[in-house]
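Please look through the structure below before reading on. The text after it is meant to be read with the model open.

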Amino acid sequence: MRSRIIGIAVLIALVGIIYLYGDNQRSFPTPLEAIYHETEDKEWIAVKEVFVSSKVNNHADYFYITKSDNIVAVQLSKGLFGWRFDSFITGGLNLNHKISEPINGYTRAGDLVFGLATEQVDRIEVNNIQAILMPLDFYIESKEIKGKKLWYVHIKTNTGEIFGIRAYDKSNKKLYDNP
């Protein structure tokens with residue numbers, strides 16, 4: 001009986017060591033190192049320029065532009081050994097495409113929803129939660145970007161649930177309503 005307990009303890013310790021070793025190998029001192037490591041051999045999501053980030057506690061969201069000018073969102077978490085790449089989100093949001101409506105679609109993965117908006121949009125609500133709105137020309141110099149804004153929000157919903165997205169201008173006039 002005693003040898004069985006020792007065997008189980010050794011097995012648990014071995015599994016723990018393997019897990020910790022794996023966690024250490026996929027962790028990096030900074031979020032940027034984790035992003036560059038994860039995307040370095042994937043041409044379709046290769047980083048051209050990281051332009052904005054948001055860190056809250058041990059979680060971070062980074063947005064970057066690929067070499068083909070698509071916007072990608074990356075979610076990272078800080079573990080025992082450093083920052084780990086959790087997921088990346090692409091959705092066909094290309095900076096060079098012309099935006100004809102105040103909101104140019106959106107992309108979702110997990111609890112992160114993001115999209116592009118035009119210059120006249122001053123505020124966006126997703127399911128009555130205010131999104132963060134950032135003018136891209138503040139971060140990136142390009143004629144194609146002038147007036148475009150990135151918006152994002154974290155929202156807990158069921159998979160497949162449709163979002164109610166509303167966009168308003170500075171005078172609080174509704175520019176877009178997708179209930």
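The paragraphs that follow go from the cores to the strands around them, and then to a few single residues.

This is a predicted model, in which local features need pLDDT of at least 70 and side-chain atom pairs count only at pLDDT 80 or more, while totals for chains, interfaces and linings use all residues. Residues are numbered from 1 along each chain as its sequence is written, and side-chain values use heavy atoms, with hydrogens and water left out.

A nonpolar core is a set of buried Ala, Val, Leu, Ile, Met, Phe, Trp, Tyr and Cys residues joined through side-chain atoms within 4.5 Å. Buried means under 20% relative accessible area, exposed means over 50%, and partly exposed lies in between (1.4 Å probe, protein chains only). The largest core has 19 residues, and those that touch the most other members are Phe51, Phe63, Ile71, Leu95, Phe114, Leu136 and Leu150. Two or more residues each come from β1 (47–56), β2 (59–66), β3 (70–78), β4 (83–94), β6 (112–117) and β10. Strands here are DSSP runs of E with at least two residues, helices are runs of H or I with at least four, and both are numbered from the N terminus. The largest share of this core, 3 residues, is given by β6. Apart from this core lies another, of 14 residues, which includes Ala117, Ala131, Trp151 and Ala167. In soluble globular proteins, nonpolar side chains tend to be buried together.

Contact means heavy atoms within 4.5 Å. Leaving aside neighbours within four places in sequence, Phe51 is in contact with Phe63, Tyr64, Ile65, Ile71, Leu136, Tyr139, Ile140 and Leu150.

Helix α2 (residues 31–39) has Pro31, Ala34, Ile35 and Thr39 as its buried residues. Seen down the axis of α2, these fall within an arc of 110°, so they line one face of the helix. The arc is that of the directions from the helix axis to the C-beta atoms. The strands against which the buried residues of α2 pack are β1, β2, β3 and β4.

How many residues of β6 are buried? In β6, 6 of 6 residues are buried. Leu112, Phe114 and Leu116 point one way from the strand, and Val113, Gly115 and Ala117 point the other way.

Next come the partners of β6. Two strands pair if DSSP finds at least two bridges between them. Strand β5 (residues 107–109) runs antiparallel to β6 and is joined to it by 3 bridges, with Arg108 opposite Val113. The hairpin of β5 and β6 has 2 residues between the strands, and in it Gly110 takes a positive phi near 60°. β6 also pairs with β10 in the antiparallel sense, over 6 bridges, and Lys149 in β10 is the bridge partner of Ala117.

Val153 is also in β10, which covers residues 149–154. Val153 is buried, because its relative accessibility is 4%. Not counting residues up to four places away in sequence, Val153 touches Asp111, Leu112, Val113, Val126, Ile129, Gln130 and Ala131. The C-alpha atoms of Val153 and Ala131 are separated by 4.7 Å, although the two residues are 22 residues apart along the chain.

An open sheet of 4 strands has the order β8-β7-β11-β12, with antiparallel pairing. β8 (129–130) and β12 (174–178) stand at its edges with a single partner strand each, so one side of each is left without a neighbour in the sheet. Over 2 bridges, β7 and β8 pair in the antiparallel sense.

Glu125 lies in strand β7 (residues 123–126) and stands opposite Gln130 in β8. Is Glu125 buried or exposed? Glu125 is buried, because its relative accessible area is 17%. Its side chain and that of Arg123 are joined by a polar contact of 2.5 Å. A polar contact is a pair of N or O atoms within 3.5 Å; within protein, one must be able to donate a hydrogen and the other to accept it, and residues adjacent in sequence count only if both atoms are side-chain atoms.

Two loop residues other than glycine remain. Asp69, in the loop between β2 and β3, has a positive phi near 65° and is buried at a relative accessible area of 16%. Asn127, in the loop between β7 and β8, has a positive phi near 50° and is partly exposed at 25% relative accessible area.
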